[in-house]
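Hi everyone, thanks for coming.

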Amino acid sequence: MWKLNDEASCGGKLIKCQSDYQDISIRLTESSRFSNDFKLLSVLGAGGFGCVTKAQHKLDGKTYAVKIVKNMGEANREVKALATLEHSSIVRYYTTWPEDANWVDGGYSTESSVWSEISEDSDNYSDQGDGSTHVTKQSDLDLSETASEDQANHSMTDSSSRNGDWPCLFIQMQFCDGGTLKDWISKNTGRRKAMALEIFQQIVCGVEYIHSKELIHRDLKPENILFGSDGMVKIGDFGLVTTITTPSGASMYRTVNKGTPLYMSPEQKTGGKYDEKTDIFSLGLIWFELLWYMSTVSEKIKVFESLQTRTFPCAFREKFIFEHKLISKMLSESPANRQNAKEIAALLLGNQTGIPQNCMKCCRVVA
């Protein structure tokens, strides 16, 4: 669990958090806009590239999530891409600004994603992201993965290169006080299928919108799916977002192992060329997890390993006949055999309303 150091509340000059996974301190400058404009309430999560805070704006009195990240390739892609996204199922973006800060990592986790760890006073919040202040047109964006990104990532592999003065981006976003889907799954052990379906339809709707903007999320998992105060789904953490194709429309080679291994598609683990269908694989695992109760982490890992080869628990196949067929196709080893998000939305709606299969292509879930 994340614990906020007392010094963090003294004028906002030092942000320090400690956990079993990561110890990190970020000392802001005397002229820091964050210190001047916000009251730091808590640190919600942290990783090798930054942290997410819960902060109250001193002027308007509202609570926001402010993500602090090193201004590198991934941060720039996140900010630029999210400038194009405005949807009810995606965390809302407000503004971003650059600042320098002194960075000290006391220890680094080997986990692929530490963002999802929750603080004791975080209202069960997980990482969120959404936007930019400058770029507003998708045609202006070049979000392809570049050598500079790989070089930047490589430079972070030892603690000496992670420490020191760094240009940072401060990204101000909607604070989702309804918790994460991971928490919802843990609490609702006897969950109803109808409620799980309603949640999943909202997720699919958001993913369909992301893909319509020619973007790939690449890190869909319950920790990155949040609930607003109205209980509606909000997809967050776009730190690994990238374009489906290059600006010229060509497919591109991807960085290996970008994402969270447990929810990662086979092609995402090996790198090479892949497209938005990698998100569909992650969606299939999320849909299964919404429907099927797994009591321990070890059980989940074992079941998910079987799902990689589309081997389902017998009881699941018998209880969820339609869902088994849908998820099995979503988990196809070949991306070409997976449905796209729009097709999944239509199939879900058709199963609810009894619309014939040959008419489902005309149906979709409305945001």
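Let's start with a term. A salt bridge here means that a side-chain nitrogen of Lys or Arg sits within 4 Å of a carboxyl oxygen of Asp or Glu. Aspartate 219 and lysine 221 make such a salt bridge, with their closest N and O atoms 4.0 Å apart. Both aspartate 219 and lysine 221 are buried. Please keep in mind that what you see is a predicted model.

How many salt bridges does the structure hold? There are 8.

Now let's turn to lysine 67. You can find lysine 67 in strand β6, which covers residues 63-70. Is lysine 67 buried or exposed? Its relative accessibility is 2%, so lysine 67 counts as buried, given that buried means under 20%. The UniProt record, an unreviewed entry, places the feature "binding site" at Lys67.

Which partners does lysine 67 have? One of them is glutamate 78: the two form a salt bridge, and their closest N and O atoms are 3.0 Å apart. This pair links distant parts of the chain, because lysine 67 belongs to strand β6 and glutamate 78 to helix α2 (residues 73-82), 11 residues apart. The side chains of lysine 67 and glutamate 78 are also joined by a polar contact of 3.0 Å. Like lysine 67, glutamate 78 is buried.

Another partner is aspartate 237, whose side chain meets that of lysine 67 in a salt bridge of 3.7 Å, N to O. Here, too, distant parts of the chain are linked: aspartate 237 is in the loop between β11 (233-235) and β12 (242-243), 170 residues apart from lysine 67. Aspartate 237 and lysine 67 are both buried.

Next, the nonpolar side of the story. In soluble globular proteins, nonpolar side chains tend to be buried together. In this model, the largest nonpolar core has 51 residues. Among the residues with the most contacts inside that core are Leu181, Phe200, Ile203 and Trp287. What does phenylalanine 200 touch, leaving aside residues up to four places away in sequence? The list is Leu283, Trp287, Leu290, Met330, Ile344 and Leu348. There is also a second, separate core of 22 residues, including Ile24, Ile26, Leu40 and Met72.

Methods: Residues numbered from 1 in each chain as written. Predicted model: local features only at pLDDT ≥ 70, side-chain atom pairs only at ≥ 80, totals over all residues. Heavy atoms only, no water. Core = buried A, V, L, I, M, F, W, Y, C linked by side-chain atoms within 4.5 Å. Buried < 20%, exposed > 50% of the residue type's maximum accessible area, 1.4 Å probe, protein only. Contact = heavy atoms within 4.5 Å. UniProt positions renumbered as here; feature names shortened; annotations may be inferred. Helix = DSSP H or I, 4+ residues; strand = E, 2+ residues; numbered from the N terminus. Polar contact = N/O pair within 3.5 Å; in protein donor to acceptor, adjacent residues only side chain to side chain.
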